[in-house]
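Thanks for coming, everyone. Please put the model up on the screen, and I will walk you through a few places in it.

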Amino acid sequence: GIRLTVGDSAEAPRFGAVSDVLIEDSVVSGSVYTAVDCTPGPCDRVTFRRLEVWGAGAEAGYAGDGLAVERGREIRIQDCHIHDNGGDGIDIGSRDLGTLMPGIVVEKNRVLRSGRNGIKLWSGGRVANNLVVDSGATTLVLEAGQFEVVNNTLASIRTWDYLALLGNIDTSYPVGLTLYNNVFYNDDPQMGGTLVFLPATVTLDAGHNLYYNPYRETEVICVGGGGCFDAFEIDDGIWSGAAGTDARSRYADPTFVSAASGDFHLAEGSPAINAGSSAHAPATDLEGATRDSAPDIGAYEFGSARASRHAPFD
């Protein structure tokens with residue numbers, strides 16, 4: 001595919017670092033290894049925009065990522081369609097763990113059917129307006145640093161795992177997490193894992209999220225050292241009271257147009273409609289539709305006129 005620096009993981013780049021790069025309006029497909037790759041880095045001030053990245057690591061035994069930057073700051077991934085890759089869809093900052101890297105932005109992407117994790121960020125960043133569906137392991141993994149996660153739709157995995165792992169469970173690295181207007185959803189009866197896990201190292205500021213997993217309503221949100229909270233405890237305020245945050249969040253079916261066929265736009269009557277926080281919502285949704293003063297929860301705003309709609313699972 002596209003390789004930005006030369007060398008093995010964790011080594012110094014053989015021909016030096018890379019900076020100030022724009023890669024846009026391109027299709028990268030069928031790579032044996034990672035499709036768009038900055039290993040060993042660093043790659044600074046790089047923007048990936050309107051890419052379609054698919055089919056990486058398709059050969060048996062190798063989980064190539066769709067788009068990976070091992071080290072770097074000011075990395076922006078916008079309006080990309082990243083799907084059917086053998087490893088992670090997006091993997092940023094694996095060698096920057098423990099160092100807060102500024103300017104990491106992942107927004108308005110569709111990340112579908114990743115072999116492992118959908119989006120994985122190691123050193124802080126903003127995750128906004130993304131649709132992440134049907135990951136082989138976890139839809140969203142956050143490791144360490146300061147994160148802002150707003151208006152994403154995170155749906156379904158293919159393992160008995162956490163739908164979203166919001167902090168590193170193996171280290172003591174602190175995580176500061178702002179979490180608003182997100183849908184956490186599972187519709188796979190074979191995979192009834194916990195929707196959200198928050199390690200004890202997480203400092204949480206949250207609200208207006210929508211949780212739904214009819215196949216495991218007893219352990220919807222789990223906290224390191226703090227037990228788990230079920231569907232009833234989310235709705236009656238026990239969860240938000242214990243957490244000291246995440247008010248006005250609900251446990252309810254978000255009512256998509258057709259999750260079974262991959263259409264995660266909100267259907268009429270969805271409890272996500274007009275239920276988001278205007279203070280945290282981006283001005284436009286995943287498709288560029290304007291959000292009003294009563295924004296919806298999730299990546300898609302309901303009922304706005306669009307020149308085109310994303311086709312289900314295209």
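Start with Y212. Y212 counts as buried, at 17% relative accessibility. Buried here means under 20% relative accessible area; exposed means over 50%, and partly exposed is in between, with a 1.4 Å probe and protein chains only. Before I go on: this is a predicted model, where local features need pLDDT of at least 70, side-chain atom pairs count only at pLDDT 80 or more, and totals for chains, interfaces and linings use all residues. Residues are numbered from 1 along each chain as its sequence is written, and side-chain values use heavy atoms, with hydrogens and water left out.

What does Y212 form with Y185? A search of the whole structure finds 8 aromatic pairs. Rings of Phe, Tyr and Trp (its six-membered ring) pair if their centres lie within 6.5 Å; planes under 30 degrees apart are stacked, over 60 edge-to-face, and the rest tilted. Y185 and Y212 make a stacked pair, 6.0 Å centre to centre with 20° between the planes. Y185 sits in strand β19 (residues 183–185) and Y212 in strand β22 (residues 210–212), so the pair ties together parts 27 residues apart in sequence. Helices (H or I, at least four residues) and strands (E, at least two) are DSSP runs, numbered from the N terminus. Y185 is buried as well, with a relative accessible area of 7%.

Next pair: F256 and F264. Their rings are edge-to-face, 4.9 Å centre to centre and 70° between the planes. F256 is buried, and so is F264. Ring pairs link Y185, Y212, Y251, F256 and F264 into a cluster.

Strand β26 (residues 256–258) and β27 run antiparallel, joined by 2 bridges. Two strands pair if DSSP finds at least two bridges between them. F256 has L266 in β27 as its bridge partner. β26 and β27 form a hairpin with 4 residues between them, and G262 in the turn has a positive phi of about 85°.

In a regular strand the side chains alternate between the two faces of the sheet. So what happens on the faces of β27? Both are covered in β27 (residues 263–266): D263 and H265 on one side are buried, and so are F264 and L266 on the other.

Go past β27 to A272, which lies in the segment after that strand. A272 is buried, with a relative accessible area of 0%. Leaving out residues up to four places away in sequence, A272 touches L210, L266, P295, D296 and I297. Contact means heavy atoms within 4.5 Å.

Over to the sheet. 10 strands form an open sheet with mixed pairing, in the order β1-β3-β5-β8-β11-β14-β17-β20-β23-β24. Which strands stand at the edges? They are β1 (2–3) and β24 (227–229), each with a single partner strand, so one side of each has no neighbour in the sheet. Strand β23 (residues 221–223) is joined to β24 by 3 bridges, running antiparallel. I221 stands opposite F229 in β24.

Buried or exposed? K120 is buried, with a relative accessible area of 14%. K120 touches D88, I90, D91, I92, V141 and E143, again not counting residues up to four places away in sequence.

There is parallel pairing too. Strand β2 (residues 18–29) and strand β4 (residues 43–54) pair in the parallel sense over 10 bridges. V27 has E52 in β4 as its bridge partner. β4 also runs parallel to strand β6 (residues 75–78), with 4 bridges. Strand β7 (residues 81–83) is joined to β4 by 3 bridges, again parallel. There, E52 has H81 as its bridge partner.

Last stop: helix α2. S240 has its place in α2, and counts as buried at 19% relative accessibility. Not counting residues up to four places away in sequence, S240 touches T245, D246 and A247.

That's the tour. Questions, please.
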